[in-house]
Amino acid sequence: MNPASLSEYLFASGLLFAIGLAGVIVRRNIIVIFMCLELMLAAANLTLVAFSRSHISEGLPDYDGQVLVFFIITVAAAEVAVGLAIIVALYRSRQTIQVDELTSMKG
Amino acid sequence: MPWLILLLPLASAALIHLGLKRNGTLAAWLATASALATLVLTYLTPSSADPVKFSWATFEGLDITIGLIRDELAMNMMLIVTGVGTLVHLFSLGYMKDDEAKGRYFCGLSLFMFSMTGIVLADNFIMMFIFWELVGLSSYLLIGHWFTKESAADAAKKAFCVNRIGDWGFMVGILMVWAMTGALSFSQMALPEGVPAIMLGVALLCVFCGAVGKSAQAPLHVWLPDAMEGPTPVSALIHAATMVAAGVYMMARFFFSIDGGEHAFSHLAELFPAFSFQTIAWVGGVTSLLAALMATQQNDIKKVLAYSTLSQLGYMVLAVGLLKPDVAMFHLYTHAWFKALLFLGSGAVIYACHHEQDIWKMGGLFKKMPITAITFALGTLALAGFPLTAGFFSKEQILDVAFKQDKALFALVVVVAFLTTFYMGRLFFITFFGKPRTDHAEKAKEVGPLMWLPLALLAIPSILAGYPFVAEAISPLYHHHPFKLFSAAFLASILAFAGGIALAFVLYFNKDEDALANQPVAKLFANKFYVDEFYAWFVKWFINFKASIIAFLDDFIIGGLLVGGFSRITATLGALFNRAQSGSLQTYSYLMAVGIVAVIFITVFM
Amino acid sequence: MPQPLFYLFAILAALGAISMILNRNPVASALSMVGAFVGMAALFIGLHAYLVGIMQILVYAGAIMVLFIFIIMLLDLQPGKPRSLKAASVAAGCVIPVLLLMQVFGVLEQSGWERFEELDLQTAAETRSGKIEESLKEGKLPDTHLIGRTLFGTPETPGYNLPLQIIGVLLLVATVGVVVLSKKGGTESSTTKNESA
């Protein structure tokens with residue numbers, strides 16, 4: 001059986017990214033929006049790993065890309081922690097997590 | 001030596017201003033001494049055709065020099081200035097004896113002597129203009145000497161402002177003359193060929209503007225009567241004898257230079273277009289007539305003399321306009337003596353009556369102050385043109401010139417001569433005859449020798465200055481005038497005098513009130529034809545008009561279009577972009593995504 | 001990874017993602033997210049990135065998912081009342097991702113659909129030493145070792161030590177930040193309360 005190609009992986013990554021973007025735009029629940037952001041980050045990771053696999057040096061994948069993925073996962077974890085804390089604080093003060101009710105930035 | 005003449009009064013002014021302000025008496029004697037020294041120096045300095053000069057500012061095509069001209073015209077004019085000046089200084093010693101600010105007063109007099117000397121001796125227009133302005137300044141300072149009196153301060157301001165109008169024209173005229181002749185120096189001024197006549201005429205009229213301001217010709221005459229708020233000796237020196245004559249002197253100097261020293265002035269009429277010098281002549285004529293009419297109904301002794309000065313200056317300007325600057329200068333020269341005499345005489349009267357100036361509150365002074373009265377009478381006769389006084393000779397020349405050149409002006413001049421006799425007779429009769437009408441007049445005493453001595457000294461040239469043998473020696477420009485008995489001018493002069501004096505005698509001798517005062521025409525004269533009121537109204541109207549234009553510009557162009565416009569554009573744009581700030585997170589993320597897609601499209605696919 | 005398996009896991013991930021954005025219930029969304037992440041982890045493993053794949057499952061499907069559920073529980077969110085979504089806004093929201101996807105496809109179409117090069121472990125073993133060499137010679141890919149080498153560096157190649165330290169600091173800061181944000185009656189919450197009141 002044929003192994004899959006780089007472009008297929010990239011397309012899968014793009015698809016996941018687009019779905020995440022659609023979720024960010026359409027959904028109004030801020031927690032779900034946050035999940036969608038995580039999905040988009042993971043999609044970016046997929047791209048990085050796919051390029052790492054594609055870029056063979058001395059018969060092995062280029063592990064620099066995977067190191068970057070490692071960093072991204074770390075940052076994403078921190079971001080989730082802070083973001084969820086912000087959501088909690090927001091909920092405490094506003095009693096809502098619907099973004100269409102948070103329009104105090106309206107000019 | 002010539003520099004000394006110029007700088008001596010300046011040194012005196014500087015010394016007084018810097019060190020002697022407290023010590024008024026010393027300052028007074030210093031100023032008087034400097035005036036006397038200047039007179040002596042002037043007398044000793046030989047006249048010469050070559051000016052002494054040095055270069056002051058040199059530019060490409062423009063060389064401004066500071067130089068002293070010492071020709072006959074200048075040196076003899078200097079004799080008048082320093083002669084009258086010295087006597088006025090002397091008179092001031094008595095008149096200003098008790099003044100608190102004597103130092104300041106004499107400092108002003110010295111400064112005036114310096115500036116007037118500068119005008120007379122200036123060898124080019126720029127230098128003359130500088131001293132012209134300096135004269136204006138010293139006049140301002142001296143009119144406003146009693147600046148705590150509001151009317152004096154106002155009069156000083158008025159004199160200054162009105163003179164600015166004339167000086168503006170003068171400056172334009174100087175520049176035009178420079179543009180046409182390429183020279184500012186009087187000695188190099190020659191008209192090149194091919195200058196359009198109209199330009200010449202306009203330039204002449206612009207230069208004349210300066211004379212209109214300084215010599216108080218209509219319509220800028222309004223400052224001179226008000227200037228009588230100053231001390232009387234100042235009125236005598238500045239506003240009768242010398243400074244106001246500077247305009248006439250300047251015109252004479254200008255014609256002199258253009259003429260190139262021929263002294264004939266015959267071809268001036270060919271050089272300048274007729275409208276220019278005729279305007280000058282008529283301005284002079286009209287001024288002299290209006291002023292004489294106004295003088296007939298003034299009750300302030302100095303105001304009468306002020307209007308008579310206006311009237312006589314009108315004579316001189318008329319003579320200038322008839323292209324006889326020599327005649328004008330001759331009248332200037334005789335007029336300086338007797339007008340100074342009259343002013344100083346009025347000063348003596350005012351002083352004796354405890355600073356009372358209303359002639360209806362005087363009366364019967366002839367017996368109380370005989371010396372003053374007699375000298376005053378001599379001055380009056382000279383001014384009225386009584387035969388064989390100084391004024392007679394010069395006035396007869398003007399009449400003659402007018403008769404030869406323009407009959408209408410001649411008639412006008414004769415009427416003015418009649419009016420002159422009339423109002424001077426009125427003044428004299430009311431002041432010196434009849435019975436004393438107030439306590440002050442009752443108790444008046446003859447003034448001290450320091451004051452009557454100048455009067456006596458001035459009375460001599462008032463009589464003698466017109467005789468040809470005297471005039472040839474000291475008159476700036478006297479040309480022997482064939483004197484014809486029973487000529488038209490002579491007869492008119494005699495008749496005008498006789499008519500005027502008779503009318504004045506009938507109306508005013510031994511009278512206690514003015515029989516004419518209630519006539520509407522008399523009221524018009526007494527109120528100076530309401531010119532001041534008209535100017536006040538006009539200036540107010542003009543300023544309001546200008547202000548409304550500026551307010552319009554400010555409100556609509558600057559406030560509405562520029563400032564308001566920019567702010568409105570900003571506000572509109574702000575309101576526009578404000579819409580984008582919906583506060584909706586989804587809209588923001590959507591727009592961001594659109595941006596990303598667009599960027600990818602542009603960078604990858606285009 | 002063989003192509004059918006790739007498609008299987010890719011579709012699993014995509015379905016999980018779609019389910020995540022379509023579910024009204026946030027808990028269901030969170031569970032769908034786990035599905036999507038598991039699918040992606042499988043794709044990572046298919047790319048011979050075993051460590052990353054495992055980490056994906058551990059961190060995302062484990063820790064982060066639990067965190068989400070935890071917060072949802074904490075806030076006691078009910079399944080949202082059916083809120084009317086405007087069809088126009090949904091359509092607009094979908095158009096842009098579709099456009100983005102078409103652009104990606106366009107780019108990939110230009111670069112072609114090349115296969116991955118096969119890994120050559122034996123050749124790689126020649127330049128390595130120690131455990132890595134042994135593993136490689138046995139035909140196994142010691143990617144944890146290799147990532148470690150890359151991360152911490154070898155005498156020949158500089159590693160990512162400084163970024164690693166900085167990431168550590170970042171985590172610390174995030175931890176402190178979370179503590180501050182969660183403190184009840186903290187300055188932020190009190191001021192926002194005042195404002196809303």
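**Exercise 1.** At roughly what angle do the axes of helix α17 (residues 390-405) and helix α22 (residues 488-508) of chain B cross? Work out what to call that arrangement, then list who makes the contact.

*Solution.* Keep in mind that this is a predicted model.

- Step 1: start with the axes. Those of α17(B) and α22(B) come within 8 Å and cross at roughly 125 degrees.
- Step 2: Roughly perpendicular covers 65 to 115 degrees and roughly antiparallel takes over 145, so α17(B) is oblique to α22(B).
- Step 3: pick out the residues. α17(B) brings B:Phe392, B:Lys395, B:Glu396, B:Leu399, B:Asp400 and B:Phe403, while α22(B) brings B:Ala488, B:Ala489, B:Phe490, B:Ala492 and B:Ser493.
- Step 4: sort them by class. You get 7 nonpolar, 1 polar and 3 charged residues in the contact of α17(B) with α22(B).

**Exercise 2.** Describe the side of chain A that touches chain C: how many residues take part, and which element gives the most?

*Solution.* 

- Step 1: count both sides. Chain A puts in 69 residues, in contact with 78 residues of chain C.
- Step 2: find where chain A's share comes from. At least two residues each are supplied by α1 (6-26), α2 (30-54), β2 (60-61) and α3 (63-94) of chain A.
- Step 3: look for the top contributor, and that's α3(A), with 25 residues.

Technical notes. Residues are numbered from 1 along each chain as its sequence is written. Chains are lettered from A and ligands numbered from 1 in the order in which they are written. This is a predicted model: local features need pLDDT of at least 70, side-chain atom pairs count only at pLDDT 80 or more; totals for chains, interfaces and linings use all residues. Two residues are in contact if their C-beta atoms, placed from the backbone, lie within 7 Å. Helices (H or I, at least four residues) and strands (E, at least two) are DSSP runs, numbered from the N terminus. Axes are lines fitted to C-alpha atoms, for helices over the stretch in contact, and angles run from 0 to 180 degrees between N-to-C directions. Angles under 35 degrees count as roughly parallel, over 145 as roughly antiparallel, 65 to 115 as roughly perpendicular and the rest as oblique. Ala, Val, Leu, Ile, Met, Phe, Trp, Tyr, Cys and Pro count as nonpolar, Asp, Glu, Lys and Arg as charged, and the others, Gly among them, as polar.
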